[in-house]
Amino acid sequence: MIKTNWHTHTKRCGHAVGEDEEYVLAAIQGGLKTLGFSDHAAYRIPYPPERMDISETTGYFSSIRSLKEKYKDQIDIYLGMEVEYYPEQWDVLSEYRRNLDYLILGQHNVFFDRVSAYSINDPDTLNRYVDMLEAACEHHLCDYIAHPDVALYRYQKLDGSVRECAERIADISLKYNMPLELNTGSGVHYGMHRYEDGMRYAYPTRIFFEEFARKKCPIIIGLDVHDPKRFLDDTDLNRALSVISGLDCNILEDYDLPEAAKKNKALFY
Ligand SMILES: [Zn+2]
Ligand SMILES: [Zn+2]
C-alpha cells in the first residue's frame with residue numbers, strides 16, 4: 001500500500017460513506033503516514049449527489065482540523081478540496097485557495113454544471129476539457145490534476161485525437177510543474193467496460209500515461225477514497241498500476257503537496 005494519499009472524500013459529498021474519523025482510522029490501519037482530505041468543493045448553487053452544500057463547509061473544515069490535532073502523533077492530516085475551474089464561482093474558489101492547505105483539480109464538467117466530463121465523445125469537447133485544465137493551471141488554482149483522463153469515461157475510440165490531448169496535458173504539466181494523478185478510484189473499481197475499440201477501464205487509460213511517461217511528467221497516485229475500507233484493500237491500486245505496467249512513469253512518492261501549494265498560492269490570481 002502507498003504511504004500518502006491526497007485524494008480523500010467525506011460523506012458530505014453525497015456519494016461517499018463513513019464518518020470522517022473512520023477514514024483517519026482506516027488510513028492509519030492501512031499504514032498511511034500522510035492523509036489529505038479533498039472533498040468535492042461546494043459552490044453557491046447546490047448539487048446534492050455531486051458535492052457538499054456550501055453550508056457544510058465550516059463543519060468540514062473544523063472536523064478535519066480537529067482530527068489533525070487528535071491524531072497528530074500517528075498521521076499527518078491536511079485539509080484540501082477537489083475543485084473545478086469554474087470562472088463564475090471564482091469568489092468561492094478564491095476563498096478555498098486562500099484558506100486550505102492545498103487544492104486538487106478534478107474537472108467533472110466542462111462548464112459550470114454543464115457538459116459532464118463523463119459524457120464526452122468528440123475531439124472538440126475533449127479539447128475544451130483540456131482548455132479548462134490549462135486555464136486552472138494558468139491561474140495557479142490547483143496543486144495537482146486529479147484523474148486527467150476522466151474525460152475518456154465514454155470516449156469510444158482512443159485515436160489520434162486522444163493522443164494529442166494527452167500530449168497537451170503533458171505539456172501543461174511540465175510548464176506549470178503540475179503533477180498528474182494515476183487515479184485508483186471508481187474508474188477501475190467497477191471493472192473494465194466495452195468500448196468501440198475494445199475493453200478497458202474507464203480511467204486511468206494507458207494512452208494518456210504513454211505520453212506522460214514519454215515526457216517524464218510527475219505522477220502522483222491518488223486513491224480517490226469514498227469509503228474508508230478502500231484504505232485496507234490494494235485491489236484497485238493494483239488494477240490502476242496494471243494499466244501503466246511497463247511504462248517508465250515518473251511516480252513521485254514523497255511529494256510535499258502543501259509545500260508546493262504555498263508557492264502556487266502566491267501566484268494565484
Ligand atoms: Zn466523488
Ligand atoms: Zn475525487
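## Close-up views of a predicted model

**View 1. D113 is partly exposed, with 16 other C-beta atoms within 10 Å.** The burial classes rest on C-beta atoms placed from the backbone, a residue being buried with 20 or more others within 10 Å of its own, exposed with 12 or fewer, and partly exposed in between. D113 lies in the loop between β5 (109–111) and β6 (114–116), and its phi is positive, at about 55°, although D113 is not a glycine. Helices (H or I, at least four residues) and strands (E, at least two) are DSSP runs, numbered from the N terminus. This is a predicted model, in which local features need pLDDT of at least 70 and side-chain atom pairs count only at pLDDT 80 or more, while totals for chains, interfaces and linings use all residues. Residues are numbered from 1 along each chain as its sequence is written, and chains are lettered from A and ligands numbered from 1 in the order in which they are written.

**View 2. H140 has a positive phi of about 55° without being a glycine.** This residue sits in the loop between α4 (123–138) and β7, where H140 counts as partly exposed, with 19 C-beta neighbours inside 10 Å.

**View 3. A cis peptide bond leads from Y203 to P204.** The omega of this bond is near 0°, and P204 belongs to the loop between β10 (198–200) and α7 (206–214).

**View 4. Helix α1 (residues 20–29) and helix α2 (residues 57–70) cross at roughly 35°, with their axes coming within 10 Å.** Each axis is a line fitted to the C-alpha atoms over the stretch in contact, and angles run from 0 to 180 degrees between N-to-C directions. At this crossing D20, E21 and V24 of α1 meet S63, I64 and L67 of α2, a contact being a pair of residues whose C-beta atoms, placed from the backbone, lie within 7 Å.

**View 5. Helix α9 (residues 257–267) has L257, A261 and N264 as its buried residues.** These residues lie on the same side of α9 because they cover an arc of only 65° around the axis, the arc being that of the directions from the helix axis to the C-beta atoms. The cover over the buried residues of α9 includes β2 (34–40), β4 (102–105) and β7 (144–145), whereas E259, K262, K263 and A266, on the other side of α9, are exposed.

Key. Contact = placed C-beta atoms within 7 Å.
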